[in-house]
Every structure is written in C-alpha cells, then in structure tokens.
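Thanks for coming. Please have a look at the structure first.

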Amino acid sequence: MARSPVEAARLKAVAEAKKVHRALDIQQRVREADGQVDVFDAISELDIALVFKPLTSALGFCLPDPLRGIMVTTRRTLHIQRFTAAHELGHVILKHSPRIDTDTILARNPYSGGGTDIQEMQAEAFAAEFLLPRWLYIYHAAKQGWGSGHLRNPDVVYQLSLRMGASYKATCWGLSGHRILSQSEVNSLVKATVSKLKVAAEERFKPGHSHADVWKFTGRDTGARISGNPDDLLRFDLEEDSDAGYIWDLSDLDKAGYQILSDESEFSRDPLVYGEPSRRVVVARPPRAGTTNLALQERRPWAPGSSSGTLNLRLRLEGKEESGLSRGDLRRRGVPMQ
Ligand SMILES: [Zn+2]
C-alpha cells in the first residue's frame, strides 16, 4: 500500500531515532542501568552543543549544521526539558531549518501524524521514538511483571512514566502509538489527572512541591537507577516474611538522612492466607538534592549473614537541569557534584 508523503516523513524520523539508538548502544545501556534514555548524554556524545538557559517564551531551539547546537529552558520540569531536548535533537539530526519551539510541541500526539508543518511533525515523531521506544515499555513491563491488564490502570501507567522519565500523557500516547493498548483504552487513561494519581499512590502524605512525584517501589525495582526530583515522595511496599523472622533493614535510609514519615506492617487477617508474607510500607522524604545508593535488605536480625530479599536502588534526585551545561557534561569535565 502506497504511503502518504506525511506518513513517509514520519517513518523517516522514527528510523533516524532508531539509528541513533543503535549508534550509541542506547538499548544496552538502558538495560544495564538507567531504565530511561539519557537524551542529554546522547546529545553530548553526538558532539552537539547543549546549553540550558532561563528562556521565557520558548521551551528550546536548535541551530542546525554546521553549528549543531541545542538550547533548552531551565524554567520547566526535567520531563519537559528531556522532551524538548529530544525534539530539538530530531531537528538537528533531520537537518531541519533553525527554529524556536514553544509549548505547542507538548500538546500534540506524535503518533497522529497531524499538523501542517512536516518538520515539526517529524521532530515530534523523532522525540517520541527516541525517549519512548516500544522496547522500553516492554523492558519495564517485564521487569515489573505488568501485563496489558495492569497497563490499563492509570496508577500503573503513572509509575511507568516516572521510570521512563516522561510525562504521564506522553507515556499514554506511546501505549497506543506502539499498539500495546487500543486507542479507546488510552483515551480513557488520559482522562486521569496526575494530581489525583499522586494522591492515589500515597494518600497520607504529599510530595514537597506540586510538580514533584510520588514513587512506589517494590522488590521488582532492585538494580534500578532512578532519576527524580529532590522533593519527590518515596513509598516502599516490601513483602516481609516476618513469620520466618525476616525484617527489612532500612538503616540505609536513616544513614542517608531520609525522613521516615511512616513505617507500618500490614498483615493479612484472612485465615486462609495466614502465614503469607506481610507487607512493610515505608514512606520517606529525601533530605536534599543529590544521589543516594540504597541497599535495603530483608534479613534475620540475629543472623547478620542471612538475607532473603534485597532492594538496591540508585536514587538520583536532582530535579531539572540548571543554567549552563548539563549535569552529565559537568561530571565528565570533572566538576564536583553532589
Ligand atoms: Zn520543533
């Protein structure tokens, strides 16, 4: 079947995003640690200058060949900075004319192929494929044990969006764009409001800021590197085999200065499941912006060598990028960071 010129242009942008992924071995890197595509590092590795500035009317802009530069605002959240950078990277890779992008780039579904400006449509398609490729959904769903039934639940998709480093809406669009869910299922997902999803994730406590997020971690997150905000709220739901004498040792949270807001064990009152593991629910607030390596272990207090469950997490809660070079660039140049 003949493709329309618009569809052919969209597919070209998607193919270019895949090409960059292959060139930089992004899929392997995501599997090994990050859990999300680090677009700022990718731009740097492609030898494209990336600078953050407090732009007021624009989210970002790009300078194509031979200058090859990208500027992104510091006035928006990290998710928007990441999406803007990926959009501008698309313009540069596809050798588009110089342009300034505003909030309109956030409002369009990149899989719809709509709009009259082909270059804009291509940059949107590139950004969506670059940050939210199908394999990234599959990776997280497999790691978390989520099937399509789970992915119809907005609470689950919100947690998925945090792990992929994208907005809730963009994550929903990808679910239908990649044909993981039907359009009607995604239409009902996007009706959920993120503020209510945060309350549903943890009813008793709020994150420190309206833009901050609420993470729900389980043992399935072990090995993950998390990228979030310093005022995010962290909730740990951990199975605890207390009947066998196992208790989660959470001293790493204390040592790192986390404020424990709540620490409760929930036991089943159903006699049929008596003896099943209980659930330890801990809610914590990070002390400040920075990186923490947590190694939480479920063990018998009287037998230090005994370990049943483990939750290793690298929490990089630094929030949005500030003026100047990206944090990744600064680290590579040896600038001391927290
Ligand atoms: Zn654009």
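A search of the whole structure turns up 25 salt bridges. A salt bridge here is a side-chain nitrogen of Lys or Arg within 4 Å of a carboxyl oxygen of Asp or Glu. Before I go on, this is a predicted model, where local features need pLDDT of at least 70, side-chain atom pairs count only at pLDDT 80 or more, and totals for chains, interfaces and linings use all residues. Residues are numbered from 1 along each chain as its sequence is written, and side-chain values use heavy atoms, with hydrogens and water left out.

I will take three of the pairs. In one of them, E16 and K19 meet through their side chains, at 3.4 Å from N to O. E16 and K19 are 3 residues apart in helix α1, residues 5-24, so about one helical turn separates them. Helices (H or I, at least four residues) and strands (E, at least two) are DSSP runs, numbered from the N terminus. E16 is buried, with a relative accessible area of 15%, while K19 is partly exposed at 46%. Buried means under 20% relative accessible area, exposed over 50%, and partly exposed in between, with a 1.4 Å probe and protein chains only.

Next, E120 and R99 form a salt bridge at 2.9 Å, N to O. E120 belongs to helix α6 (residues 118-131) and R99 to strand β4 (residues 99-101), so this pair ties together parts that are 21 residues apart in sequence. Both E120 and R99 are buried.

The last pair is R204 and E202, with a salt bridge of 3.1 Å, N to O. R204 is partly exposed, with a relative accessible area of 42%, whereas E202 is buried at 2%. Which residues are joined with them into one network? Through salt bridges that share partners, E202, R204, R235, D237, E264, E266 and R279 are joined.

Now to a helix. Helix α10, residues 168-177, is mostly covered, with 8 of its 10 residues buried. Those buried residues are Y168, A170, T171, C172, W173, G174, L175 and S176. What do they pack against? The partners are α5 (104-107), α7 (134-144), α8 (148-151), α9 (154-164), α11 (183-189) and α12 (194-201). After α10 comes R179, which has a positive phi, near 60 degrees.

One loop residue is also on my list. N229 sits in the loop between β6 (224-228) and β7 (233-240). Is N229 buried or exposed? N229 counts as buried, at 15% relative accessibility. Apart from neighbours within four places in sequence, N229 is in contact (heavy atoms within 4.5 Å) with H211, A212, D213, L317 and G319.

Finally, the chain as a whole. Its secondary structure comes to 14 helices and 12 strands. The radius of gyration, taken over C-alpha atoms, is 21 Å, close to the 20 Å from the globule rule for 338 residues, so the chain is as compact as a globular protein of that length. That rule is 2.2 Å times the number of residues to the power 0.38. Along its principal axes the C-alpha trace spans about 65 × 50 × 35 Å. Of the 338 residues, 48% count as buried. Among contacts between residues at least 6 apart in sequence, 63% join residues at least 24 apart. That is the end of my list.
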